Amino acid sequence: MRDGKLVVGIIGCGAFAWAQDFRNFANNPHCISKYCCDLSLERAQAAAEHFNVPHPTNNMYDLINDPEVDLIKISTSHEAHLPIIEAAAAKGKHIFCEKPMALKEMEAMAIIRAVRKHKVKLCVDMNRRMAPSMQALRQVWLQQRHNPKHQPWRFVELQRKQLAEEKQSNFLMSIQDESSSYRPVHLDPFHGGGEILGESTHWLDLACWMYAPQKPVEILAWGSPRLSHGIHLKFEQGDSATIVFSCTGTFDFPKEAFQMSVNASLLCNNFFVENKYYGIPGVKDEVFPLQVDDLPEIGPEGGFEAFLAKSKAQREGCDNLKHAKKQLLVDKGHSNMLNGFVDAILHDKPSPCDEIAGWTAVYLALLAIQSIELRQTMPVLAHKLEPCLHI
Ligand SMILES: NC(=O)c1ccc[n+]([C@@H]2O[C@H](COP(=O)([O-])OP(=O)(O)OC[C@H]3O[C@@H](n4cnc5c(N)ncnc54)[C@H](O)[C@@H]3O)[C@@H](O)[C@H]2O)c1
């Protein structure tokens, strides 16, 4: 700690750290970034210079052995999580780790063991659950699930009673992505693990968070574990989530759209910028500000159409989206996750996405891959969701 603030070291200075970590730590008034570390010293130095971090290094033990450091952020490729977490936890550092927490079951178990043994907090950055628009969607879902309201013009057939299936919700997550942009590291089984582990852990976690305290009980997946795939996840009270992930889409259109149907209503989240609610009297649509908006003069009213207009303007005259001069980032909950974790450390509260949430998403992703390989539905086993470790 320094002056009541958490001292931070960031390991992995790649694309994600540039887009989120350095900015979000700088914006948190309770953090001081002291180190940035990368296997490539050049990359660490470039980040240090750009974001004004005093100590670039290519040796993670510089941060881990520094008694002043309280919190380590891991934004490396996935296979590096376990050795970093084991070393950092042994020195009493709290850890904020990118998703997926691990690529294999035993790696995840070792991570859970390390953080519990050394009594440090872990947060896995499955940030969608912290997006303001998702939190608002969940409130409306809870209300309509447990205390439904209906439009006066709703047509109800009186010759039969409501059936059990009609009380269950479905959470449809439609993801379209452009796989030409994926680097080999994303698809490599050793470093990235493919798109179910690398990406769909986000939406598996979102489904578990949305339906908590219900537990998932069954999973069926189809397609390719490393590229386009679908996953159907069923929960103990019959609610379900369906993820449809297509890699043959385009960056010209927003990547994620969500629809929940529940008790004769439809709750839509359009790429984290607007929620539209249908079938519930008195519930108003909502718009959500962007995390970064370099084009505030376009579509100042906000919402999905405004976002499309901003994106179109951003792309005009741009020969490679990677080098776009104006930045647009919708609020997927990254800074809320960081701020929530900092608060959890400072006030000894539960992590906003702890090691069990991290493991659950990995476990479900591994089951989804098995489901594809075996072409069958897989049971989600209760004992796996609550591992009993001898620490
Ligand atoms: N939460 C999200 O929404 C989100 C979005 C994008 C990426 N990510 C995650 O962020 C992480 C990084 O992704 P990226 O796109 O920035 O990858 P990247 O390849 O651009 O950067 C990773 C960096 O980590 C460095 N590195 C690897 N192993 C290391 C080690 N042992 N010690 C120090 N440095 C090491 C590499 O040299 C590289 O510079 C991944 O886990 C990815 O899944 C999360």
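Residues are numbered from 1 along each chain as its sequence is written. Because the model is predicted, local features need pLDDT of at least 70 and side-chain atom pairs count only at pLDDT 80 or more, whereas totals for chains, interfaces and linings use all residues.

Helices (H or I, at least four residues) and strands (E, at least two) are DSSP runs numbered from the N terminus, and two strands are taken to pair if DSSP finds at least two bridges between them. On this basis an open sheet of 9 strands is found, with mixed pairing and the order S14-S13-S12-S11-S7-S10-S9-S8-S17. Strand S14 (286-287) and strand S17 (378-379) stand at its edges, and because each has a single partner strand, one side of each is left without a neighbour in the sheet. Within the sheet, strand S7 (residues 170-176) and strand S10 (residues 240-246) pair in the parallel sense over 7 bridges, with Leu172 having Thr242 in S10 as its bridge partner.

S11 and S12 run antiparallel and are joined by 5 bridges, with Ala257 opposite Asn270 in S12; the two strands form a hairpin with 4 residues between them. S12 and S13 likewise pair in the antiparallel sense over 5 bridges, where Leu266 stands opposite Tyr278 in S13 and Leu267 stands opposite Tyr277 in S13. The hairpin of S12 and S13 has 3 residues between the strands, and Phe271 takes a positive phi near 50° there. S13 is joined to S14 by 2 bridges, again in an antiparallel arrangement, with Glu274 opposite Val287 in S14. S13 has a covered face, formed by Asn275 and Tyr277, and an uncovered one, formed by Glu274, Lys276 and Tyr278. Helix H6 (residues 132-146) lies across strand S11 (256-261), strand S12 (266-270), strand S13 (274-278) and S14, and runs at about 180° to S12.

Two packed helices are described by the angle between their axes and the distance between the axes. Here the axes are lines fitted to C-alpha atoms, for helices over the stretch in contact, and the angles run from 0 to 180 degrees between N-to-C directions. The axes of helix H4 (residues 81-90) and helix H5 (residues 105-117) come within 9 Å and cross at roughly 15°, which makes H4 roughly parallel to H5 (angles under 35 degrees count as roughly parallel, over 145 as roughly antiparallel, 65 to 115 as roughly perpendicular and the rest as oblique). The crossing of H4 and H5 is left-handed, the near helix being turned anticlockwise from the far one by less than a right angle in a left-handed crossing and clockwise in a right-handed one. With contact defined as C-beta atoms, placed from the backbone, lying within 7 Å, His81, Leu82, Ile85, Glu86 and Ala89 in H4 meet Glu107, Ala110, Ile111, Ala114 and Val115 in H5. By class, this contact of H4 with H5 has 7 nonpolar, 1 polar and 2 charged residues (Ala, Val, Leu, Ile, Met, Phe, Trp, Tyr, Cys and Pro count as nonpolar, Asp, Glu, Lys and Arg as charged, and the others, Gly among them, as polar).

Helix H8 (residues 194-211) and helix H11 (residues 355-374) pack at an angle of about 120° with their axes 8 Å apart, and H8 passes H11 in a right-handed crossing. The contact of H8 with H11 has 11 nonpolar, 3 polar and 1 charged residues. Ile369, which is placed in helix H11, counts as buried because 22 C-beta neighbours lie inside 10 Å (20 or more other C-beta atoms, placed from the backbone, within 10 Å of a residue's own make it buried, 12 or fewer exposed, and numbers in between partly exposed). Not counting residues up to four places away in sequence, Ile369 touches Ile196 and Pro225.

Most residues other than glycine have a negative phi, and most peptide bonds are trans. In the loop between S11 and S12, Asn263 has a positive phi of about 40° although it is not a glycine, and it counts as buried with 20 C-beta neighbours inside 10 Å. Ala264, found in the loop between S11 and S12, has a positive phi near 60° and counts as partly exposed, with 18 C-beta neighbours inside 10 Å.

Terms used: Contact = placed C-beta atoms within 7 Å.
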